[in-house]
Amino acid sequence: KYDFTKCNNDGLTYHDIIKDICDKLEIKDFDSATIDNLRDRVIQKWHYNFENDRVKLSKNKLKISDFGFYINDGWDNRCSLDDRTVEAIKDLIGAFSYIDTGKVEVKKEIEELLSNLNRYHAINYSDFYTTHNLDFLGIISMTFFKNKNLEFKFTSDENRDKFIRVMKGEF
């Protein structure tokens with residue numbers, strides 16, 4: 001449709017081309033497509049826990065029993081998360097950031113923490129099965145337990161409830 005070999009200005013602009021691409025993809029813009037994609041990934045990876053009554057709530061806490069992701073418990077007393085688990089947690093925290101700030105972001109320190117917990121950086125049991133401080137938008141910490149439970153601690157029940165909405169894809 002577009003002939004870029006011509007050098008004359010025929011009124012075709014960058015915005016016209018982007019609008020045409022978005023129309024063909026049936027999306028409002030690329031940002032909304034990114035959020036829709038993120039929402040789909042979060043629902044796919046986390047909604048299962050609600051359908052199977054694996055989410056337990058207590059004051060400022062959310063615990064997921066048998067959180068359904070692989071933890072590599074090696075023969076050498078070292079643990080790590082698989083790549084899918086790391087990406088699922090990043091997606092969840094990024095979506096939580098989105099509803100609070102309007103931007104999908106994961107704090108550098110959290111990226112580093114998750115990178116250190118992935119399968120390429122297996123760590124000792126005592127360092128893995130402990131509380132990992134997150135201190136991000138009302139999320140205080142994340143704790144892995146040997147029985148494959150995962151617990152998030154929040155500054156308030158309001159932040160916990162917001163996190164639950166994100167886990168359900170309501171953002």
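This is a predicted model: local features need pLDDT of at least 70, side-chain atom pairs count only at pLDDT 80 or more; totals for chains, interfaces and linings use all residues.

Biologist: Is N60 buried or exposed?
Modeller: N60 counts as buried, because its relative accessibility is 16% and the cut-off for buried is under 20%.

Biologist: Which loop holds L137?
Modeller: That would be the loop between β6 (131-136) and β7 (139-144). L137 also has a positive phi, about 50 degrees, without being a glycine. At 26% relative accessibility, L137 counts as partly exposed.

Biologist: New topic: helices. How do the axes of α4 and α5 cross?
Modeller: Helix α4 covers residues 83-101 and helix α5 covers residues 108-117; their axes come within 10 Å and cross at roughly 165 degrees. That makes α4 roughly antiparallel to α5, as angles over 145 degrees count that way. The crossing of α4 and α5 is right-handed.

Biologist: Which residues make that contact between α4 and α5?
Modeller: From α4 there are V86, I89, K90 and I93, and from α5 there are I110, E111 and L114. Sorted by class, the contact of α4 with α5 has five nonpolar residues, two charged ones and no polar ones.

Biologist: What about α4 and α7, at which angle do their axes cross?
Modeller: The axes of α4 and α7 cross at roughly 115 degrees and come within 9 Å. The crossing of α4 and α7 is right-handed.

Biologist: Which residues meet there, between α4 and α7?
Modeller: On the α4 side you can pick out L92, A95, F96, I99 and D100, and they meet N159, K162, F163, V166 and M167 in α7. By class, the contact of α4 with α7 has seven nonpolar, one polar and two charged residues.

Biologist: Which residues of α7 are buried?
Modeller: In helix α7 (residues 157-167), the buried residues are N159, R160, K162, F163, I164, V166 and M167. After α7 comes G169, which has a positive phi near 85 degrees.

Biologist: Okay, charges now. How many salt bridges does the count come to?
Modeller: The count comes to ten salt bridges. One of them joins the side chains of R39 and D36, at 3.0 Å from N to O.

Biologist: Where do R39 and D36 lie?
Modeller: Both R39 and D36 are in helix α2 (residues 30-46), three residues apart, which is about one turn of the helix. In general, an α-helix has 3.6 residues a turn, so residues three or four places apart point the same way. D36 is partly exposed, with a relative accessible area of 39%.

Biologist: I also clicked on R41 and D91. What do their side chains do?
Modeller: The side chains of R41 and D91 meet in a salt bridge, 2.9 Å from N to O. R41 is in helix α2 and D91 is in helix α4, so this pair ties together parts that are 50 residues apart in sequence.

Biologist: Buried or exposed, how does D91 count?
Modeller: D91 counts as buried, at 9% relative accessibility.

Biologist: Which salt bridge do D91 and K45 make?
Modeller: Their side chains meet at 3.1 Å, N to O. This pair also links distant parts of the chain, with D91 in helix α4 and K45 in helix α2, 46 residues apart. K45 counts as partly exposed, at 22% relative accessibility. Salt bridges that share partners join R41, K45 and D91 into one network.

Biologist: Last one: where is H47 found?
Modeller: H47 is found in the loop between α2 and α3 (48-51). At 23% relative accessibility, H47 counts as partly exposed.

Biologist: And what is H47 in contact with, leaving aside its neighbours within four places in sequence?
Modeller: With those neighbours left out, H47 is in contact with V42, M167 and K168.

Notes:
Residues are numbered from 1 along each chain as its sequence is written. Side-chain values use heavy atoms; hydrogens and water are left out. Axes are lines fitted to C-alpha atoms, for helices over the stretch in contact, and angles run from 0 to 180 degrees between N-to-C directions. Helices (H or I, at least four residues) and strands (E, at least two) are DSSP runs, numbered from the N terminus. Angles under 35 degrees count as roughly parallel, over 145 as roughly antiparallel, 65 to 115 as roughly perpendicular and the rest as oblique. A crossing is left-handed if the near helix is turned anticlockwise from the far one by less than a right angle, and right-handed if clockwise. Contact means heavy atoms within 4.5 Å. Ala, Val, Leu, Ile, Met, Phe, Trp, Tyr, Cys and Pro count as nonpolar, Asp, Glu, Lys and Arg as charged, and the others, Gly among them, as polar. A salt bridge is a side-chain nitrogen of Lys or Arg within 4 Å of a carboxyl oxygen of Asp or Glu. Buried means under 20% relative accessible area, exposed over 50%, partly exposed in between (1.4 Å probe, protein chains only).
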